[in-house]
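Please take a look at the sequence and the model, then read on.

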Amino acid sequence: MLTTDLVRLKELGTPIIVLTAWDAISASIVEASGADVVLVGDSLGMVVLGHTTTLPVTIDQIIHHTQAVCRGFSKPLAKQPLVIADLPFLSYQCGEDKAVEAAGSILKNSCASGVKIEGAEPETLLVIERFVRMGIPVMGHLGLTPQSVHLLGYKSQARDKESQGKIFQDSKKLQSSGCFAIVLEHIPEEIAGQIKKNLKIPVIGIGAGNQCDGQVRVTADLLGLSNKQPPFAKPLISGRELCINALKSWVQKHQRNEQNPTT
Ligand code: KIV
């Protein structure tokens, strides 16, 4: 799967499915699920590394986890999901050269085919344009942008007319700057639907209703593994509880020192 294939999926009206992965085992599960794209999101800072925000994540951690994800795939290369990695906080805000070095190092050292970047500030748009000129595909991210948590919180975005107008304009700017797709996080469904209709590039939603060209989810949230679920991510199973119960019964069986335990 190539980044350009996603535009074709949008044109065909085929929903695009993006799931996060953070290591080889999660990548192998996500690959087997049939997802089109694996996102090595900086949510790994919270889900895997135990931070309270995504801000501490470093470029080296993203590369380390993306490499593990790439090693987890077992299908032939052409059938593997497209891998996109997040550019963490401060890896693209300190000048275009540093940003190219950060994004380039992800592509150079892993199987990722592109990067995701938050926001559409003028400096960010310049970075995106430079990436595209350098051959680095970029996915945009608007709405709830977790790297701006200290400014916006984890609240839903684009609630009033002014911010709805802004997100609409920002999405068009991201398209003109060369993004191959954008993520819209935690915004009203109608606004996401309007943005999707007005863009040629795919719009992938999370907490943005069902009118987008596709959906992205944090895999740990879908599996119910996280301690704290975001309000818009309903777990499919109670993974945490299932794992704890399975391990508990194994631990208890061995604590009783049962004869010939089968596992
Ligand atoms: O970091 C992440 O996992 C993300 C998704 C929530 C879109 O950015």
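Which residues of α6 are buried? They are T124, L125, V127, I128, R130 and F131, where buried means under 20% relative accessible area, exposed over 50% and partly exposed in between, with a 1.4 Å probe and protein chains only. This is a predicted model, in which local features need pLDDT of at least 70, side-chain atom pairs count only at pLDDT 80 or more, and totals for chains, interfaces and linings use all residues. Residues are numbered from 1 along each chain as its sequence is written, and side-chain values use heavy atoms, with hydrogens and water left out.

**Helix α6**
- Helices (H or I, at least four residues) and strands (E, at least two) are DSSP runs, numbered from the N terminus.
- Helix α6 covers residues 122–133, and its 12 residues should span 16 Å at 1.5 Å a residue, because the expected span is 1.5 Å times one less than the number of residues.
- The end C-alpha atoms of α6 are 17 Å apart, which agrees.
- The cover over the buried residues of α6 includes α5 (96–109), β4 (114–116), β5 and α8 (161–177), with contact meaning heavy atoms within 4.5 Å.
- After α6 comes G135, with a positive phi near 85°.

**Strand β6 and its neighbours**
- Strand β6 (residues 181–185) is mostly covered, with 5 of its 5 residues buried.
- A181, V183 and E185 point one way from β6, while I182 and L184 point the other way.
- Strand β5 (residues 138–143) runs parallel to β6 and is joined to it by 5 bridges; two strands pair if DSSP finds at least two bridges between them.
- H141 has V183 as its bridge partner in β6.
- On β7 (residues 203–206), which is parallel to β6 and joined to it by 4 bridges, I206 is the bridge partner of E185.
- From β6 the chain passes through helix α9 (residues 189–198) to β7 in a right-handed β-α-β crossover: with the strands pointing away from the viewer, the path from the first strand over the helix to the second runs clockwise.

**Around the ligand**
- Polar contacts here are pairs of N or O atoms within 3.5 Å.
- A polar backbone atom of D42 is 3.1 Å from an oxygen atom of the ligand.
- Polar side-chain atoms of D86 and K116 also lie by ligand oxygen atoms, at 3.1 Å for D86 and 2.8 Å for K116.

Key. Polar contact = N/O pair within 3.5 Å; in protein donor to acceptor, adjacent residues only side chain to side chain.
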